[in-house]
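Please look through the structure below with the following notes beside you.

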Number of protein chains: 2
Amino acid sequence: MNKPVRRGRRAGAPDTRELIRDAARARFLAEGYQAVTLRDVAGDAGVDVALISYYFGSKQGLFGAAMALPVNPATVVVAELEDPDVDTLAERMLRNVLTVWGDPATGPQLQALAAMAVTDPRMNELVREAVGNEITQRIAVRIGGADAEQRAGAFTAQMAGLIFTRYVLRLEPIASMVPDDVVRQLRPALQASLGG
Amino acid sequence: MNKPVRRGRRAGAPDTRELIRDAARARFLAEGYQAVTLRDVAGDAGVDVALISYYFGSKQGLFGAAMALPVNPATVVVAELEDPDVDTLAERMLRNVLTVWGDPATGPQLQALAAMAVTDPRMNELVREAVGNEITQRIAVRIGGADAEQRAGAFTAQMAGLIFTRYVLRLEPIASMVPDDVVRQLRPALQASLGG
DNA sequence: CTCGTTATTTCATGTCTGTTGAAATAAAGA
DNA sequence: TCTTTATTTCAACAGACATGAAATAACGAG
């Protein structure tokens, strides 16, 4: 008949912060940002709500910490720019995106990020800058030629279309197609934007 | 020193319902769904909060009524399927989308709808069915041939990419390009998906 | 080992949001 | 004129996030 958990610091050295972060990640991935309440997370972590504010400041802060990206999406795309073979560039980028966004370990967080970029102004700003400076710009420099920036923009738009239809909105038939089919259908279009 | 507004029905026959709807539309378009509170709308309309529930049931209901679409987006795209000229189909659809989504009178509501489809499960379901049944299916039937459905899916994905990058996320350079430039950059890719 | 300091934790409270039921008032109709 | 109905505000609730105070354990200096 010990009193469950009294006030004050707990015995031992439990990493409560990480406990909270893990609970939050699970909830956010399963239910999305809006649907999850701090009390849900606190309940899962076996902790009072106020402790979340203590560690993370706000719900936004918690989301940021819980969803810290396992990979830098910009890097995933841009890495392929090193390879000098321009003819296969579209396919390589496409496959990278499909791999990373489809991976159960990394994909869900990236998908949540994309959804967040639509809702939250701060996240939107962040994505806009990241995509503009780190992706579109570099692609433009890489492909060169007339209208390089516009063509890079078109390329980005098509990639965004894939991500939103397949992973965020989950529109059929794109959402259920196997990677090879996606590549077959989209590679020519993407390559056209890159190739000039 | 008349008491401002007492309880009970007002004199005259003011269309309070429409007043509320207009105030809500302005707010939703300016600030988005989450950021707008029912008390904001009630304040703008000079009305008690409870009256909103009386007329619209819930915040969702208010949003639905305020954002009732001025045009059916599906129709905008599908209308062009009547014209037998397949070679210009991509360009015609593209220009229709750019016109309707860019029109200050109709565009903002469509943009809000797209953002809502990412956040709200009900809206998501709605959009998924509408796009799947009314757009992708019909395009597939129209273009025919092998992989017709997959190619129609790819077409839809690219259109979604345009809408999200240009109107929702507002990524540069796509967001600032004039319609002619957008058409020049994307028509070939879209036509490739349609053409087989 | 002891005692002040610091980090962690819950409690209590405040403010804000959407929603609901009751009461008041004007319009509509017999 | 008088009953019924539609419109409107008031009052209150449950649940959300956030914050300041209080309690308690760990830590470190001597």
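1. In this predicted model, 38 residues of chain B are in contact with 38 residues of chain A, contact being counted when the C-beta atoms of two residues, placed from the backbone, lie within 7 Å. On the side of chain B that touches chain A, two or more residues come from each of helix 7, helix 8 (121–143), helix 9 and helix 10 (179–195) of chain B, and helix 9 of chain B gives the largest share, 14 residues. Helices here are DSSP runs (H or I, at least four residues), numbered from the N terminus.

2. By class, that side of chain B has 20 nonpolar, twelve polar and six charged residues, where Ala, Val, Leu, Ile, Met, Phe, Trp, Tyr, Cys and Pro count as nonpolar, Asp, Glu, Lys and Arg as charged, and the others, Gly among them, as polar.

3. Within chain B, the axes of helix 7 (residues 107–119) and helix 9 (residues 148–168) come within 10 Å and cross at roughly 110 degrees, the axes being lines fitted to C-alpha atoms over the stretch in contact, with angles from 0 to 180 degrees between N-to-C directions. Helix 7 of chain B is therefore roughly perpendicular to helix 9 of chain B, a term that covers 65 to 115 degrees.

4. Where these helices meet, Gly107(B), Gln111(B), Ala114(B) and Ala115(B) of helix 7 face Ile163(B), Phe164(B), Tyr167(B) and Val168(B) of helix 9, a contact with six nonpolar, two polar and no charged residues.

5. On numbering and limits, residues count from 1 along each chain as its sequence is written, while chains are lettered from A and ligands numbered from 1 in the order in which they are written. As the model is predicted, local features need pLDDT of at least 70 and side-chain atom pairs count only at pLDDT 80 or more, whereas totals for chains, interfaces and linings use all residues.

How values were computed. Angles under 35 degrees count as roughly parallel, over 145 as roughly antiparallel, 65 to 115 as roughly perpendicular and the rest as oblique.
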